Amino acid sequence: MLAAYRDNQHQSGPWLIWLHGLLGSADEWQPIVDLCPNYPSLRIDLPGHGASSSIDCHGFADFDQQLAQVIQHHGISQYYLIGYSLGARLAMHYACYYQTDGLCGLIIEGGNVGLNEVALRAQREKNDHQWAQRFRFEPIEIVLNDWYQQAVFAHLTANERQQLVLLRQQNNPQSVANILENTSLAKQPFLADKLSELSIPFRYFCGERDQKFRSVSQQYALPITLINNAGHNAHRENPHDYATALHHFLSLCG
């Protein structure tokens, strides 16, 4: 079973369930969780990451079942799903395709709703395979240095990039390669239409400097909340404003 960590469990009401991004871990949510002391929280290490590094994930439907198992194991009946990047894509798929009794709301940060063109899917599959092969066969530090040169991280300073490289070197590169391919955007259903039909409250958080995902939210008319002074990883770059936006969303949900 996926590793998970309980915080503020003495509190009542719906839980906040946190899903991190590729190369991250449950620990990266701790600053936000600390700013949400009135809500019980469950931080999860995704397959191939952290204390779940030995757990495989064979795709989105497989993760749906893994997440449901963790929720049931911890006796959680009502909850909000909060996901960043890869965690956001997994959370969206779960909300759109799985039996979600008890899901009270969905908060997505920097998550791609999918690709609706065959050519784009083929291009992405090739790209993700190339990255996966690099993680498998090259020193992880070299691969990470190139990873954080991608356009979505263009706003980072050299020092911020180096901090991320040092932090992410703790990952098992074989596990990262496997989940990168198995949860590739090329294999994700196109979710924009399904998201528009959700009956639960849904909000799309995005760093104001994250031009790629601001355009995604505009293209598909997603209900966006901009996080000031932040790029793609908004919860890491501005935890205070992120927590403020989250509290606002939760207050509207009652």
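Is Asp27 buried or exposed? Asp27 is exposed, with a relative accessible area of 54% (buried means under 20%, exposed over 50%, partly exposed in between, with a 1.4 Å probe and protein chains only). Welcome to this predicted model, in which local features need pLDDT of at least 70, side-chain atom pairs count only at pLDDT 80 or more, and totals for chains, interfaces and linings use all residues. Residues are numbered from 1 along each chain as its sequence is written, and side-chain values use heavy atoms, leaving out hydrogens and water.

**Overall build**
- The chain holds 11 helices and seven strands (DSSP runs, numbered from the N terminus: helices are H or I of at least four residues, strands E of at least two).
- Of its 254 residues, 53% count as buried.
- Along the principal axes, the C-alpha atoms fill a box of roughly 45 × 35 × 35 Å.

**Salt bridges**
- The count comes to seven salt bridges (a side-chain nitrogen of Lys or Arg within 4 Å of a carboxyl oxygen of Asp or Glu).
- Asp27 pairs with Arg43 at 3.7 Å, N to O.
- Asp27 sits in the loop between β2 (15-19) and α1 (30-34) and Arg43 in strand β3 (residues 41-44), so their pair ties together parts 16 residues apart in sequence.
- Arg43 counts as buried, at 6% relative accessibility.
- Glu181 bridges to Arg136, with the closest N and O atoms 2.8 Å apart.
- Glu181 belongs to helix α7 (residues 173-182) and Arg136 to helix α4 (residues 118-137), so this pair links parts 45 residues apart in sequence.
- Through shared partners, salt bridges join Asp7, Asp27 and Arg43 into one network.
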